[in-house]
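I opened a new page for this structure.

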Amino acid sequence: MVLASQAQHGMWITEVLHGTGTAYHMPFAMWFDGPLERAAMLAACRAVLARHPVLGRAFEERDGVLHLVPARELPPVAFVVEPDPEALIEREIARPFELSAGPLARFTLAEVSPSRHLLLFVAHHLVFDGMSKDLLVRDLAAAYSGAPVPPLPMPYGAAEKPSPEAAAYWRARWREVSQVVINGATRSPQLAAHGETVLLALTHDMPDLSCVTRFEVFLAAVHALLHRYGNADTPVAVAMSTRTAETRDDIGLFATELPVFASFSAEDSFRELALSIRSELRELNAFREVPVARAVGGIKPRVALAPVSISFRRRAPEQVFPGLNLSVEWKMSSHTVRNALHLQAVDGDDGLHLTLHYSPDVIPRRDVELAGEHLRAVLRAVADNPDVRLADLPLPAAAQVAPEVVLEAPPDAGPAHDEVDAELVEQVRLIWMEVLRMDHIAPDEDLYDLGGHSLTITQISARIRKRLGVEVPFDVFLDDPTITGVAAAIGGLRP
């Protein structure tokens, strides 16, 4: 057994708790034109699976600890003749993964015509991230060309604990923001909603600022746009790489989503904002391997850490498959979104291309298209004058409508409990005290107010299972995260 990373544990329990559908499915399509050698390509797929053992693993919780275990079956490598490849792509994206059994990755080589093939790879985000796409293409090209691709050791297994410095860093910054104003209206993300996309080319719009990277400029532009929309100090969740020199060649989940907070005023210049964000990212980088919920505690497992998120990736050089022309879809959608708006940017030799992921249940397509054009206008204004005041950045009048008034729901009084067995409450209370390392906890105290997090949930559940013989559904820890609530659930599950 191999210990899962903190990021894997957080994603695993989010999926178990919320049922995220295809939100964590990562499809990746490679189109080949030319005389493809079918046997060689299928062999290359198997070689990649052998090189990266994480693709053949599943996830199993034992005694409150999440492990990577061998999947019950090897990841499939299939060949089909498919004149309708788009239908194949839709089916494969929608096909579920069983986290506890695996496998969590699959290859399908489809012959569209004798001279055109689609190689479709779909994996769960638990074992695959954005940078893994480049590594996958690189290793496939090497194997298809006959070069050796020796197996790599399993890159996980070390127990990680947040340092006091990481905890202090996030406690000083973290604040929950559940809504965002976009184009004059308040948007609240839903749980794993149906997703659609808007495509935008920004190749000729990105400004160049000295001492600031293109990613930092892009992130600053998103913050500036949100500020112009009327959001005050709204965080933007950013996918951060956690790869090291030892794991730079490994396919897997080596990324974590972290909120970037930026404090600034309308009188600041864009350059000042960009430099401030650069400084913040440099400080954050020291703690990028630590998920916020694990460092801070008291944060319920959630599908979206912030209502707006960004992934920004520099694409690797093109790979050569002998005798074939390759076209890659770097920005495919899983048709499910977790945020009100997710901006997926890929920066390559052919320029910067942006995909805006959204749910029409949360925000209309027209408003997403306008937000993309507003972002383009901000970038162009900065290209003309990097020292433009944030208050002077262009924004059409239609986007300056006062935010909608959102009526708050009445406070939740929590579920009513029938009489709960006092002895059972005490047994649960002792387990909570052990896990949380506290001398006293009242039966009605909220787990998250006590600093609980995803690991806490699995540890409490494991002890309940072992001592009381009951498997408590994880969603109990969302619906009623108190000792009395959990004890009531246990009482209802006992025969």
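I began with E434, which makes a salt bridge to R467, with the closest N and O atoms 2.6 Å apart. This pair links distant parts of the chain: E434 sits in helix 10 and R467 in helix 11, 33 residues apart. I worked from a predicted model.

Next I checked cover. R467 is partly exposed at 46% relative accessible area. E434 is partly exposed too, at 38%.

I then found a salt bridge between E434 and R463, at 3.5 Å from N to O. Here helix 10 covers residues 422-436 and helix 11 covers residues 454-468, and the two partners are 29 residues apart. R463 has a relative accessible area of 28%, so I noted it as partly exposed.

R62 is partly exposed at 33%, and E60 is partly exposed at 27%.

I searched the whole structure and got 36 salt bridges.

Then I turned to surface charge. D84, E86, E90 and E329 gather in a negative patch on the surface. I placed E90 in helix 3, residues 85-94. E90 is partly exposed, with 39% relative accessible area.

Last came the overall build. I listed 13 helices and 18 strands in the protein chain. Its radius of gyration is 24 Å, close to the 23 Å that the globule rule gives for 495 residues, so the chain is as compact as a globular protein of that length. Its C-alpha atoms fill a box of roughly 75 × 60 × 40 Å along the principal axes. I noted that buried residues make up 56% of the 495.

Definitions and conventions:
Residues are numbered from 1 along each chain as its sequence is written. This is a predicted model: local features need pLDDT of at least 70, side-chain atom pairs count only at pLDDT 80 or more; totals for chains, interfaces and linings use all residues. Side-chain values use heavy atoms; hydrogens and water are left out. Patches are made of residues with over 30% relative accessible area and no salt bridge: like charges are joined within 9 Å, nonpolar side chains (Val, Leu, Ile, Met, Phe, Trp, Tyr) within 5 Å. Accessible areas come from the Shrake-Rupley method with a 1.4 Å probe; for residues, only the protein chains shown count as cover. A salt bridge is a side-chain nitrogen of Lys or Arg within 4 Å of a carboxyl oxygen of Asp or Glu. Lys and Arg count as positive and Asp and Glu as negative; His and the chain ends are not counted. The place of a charge is taken as NZ of Lys, CZ of Arg, CG of Asp or CD of Glu. Helices (H or I, at least four residues) and strands (E, at least two) are DSSP runs, numbered from the N terminus. Buried means under 20% relative accessible area, exposed over 50%, partly exposed in between (1.4 Å probe, protein chains only). The radius of gyration is taken over C-alpha atoms; the globule rule is 2.2 Å times the number of residues to the power 0.38.
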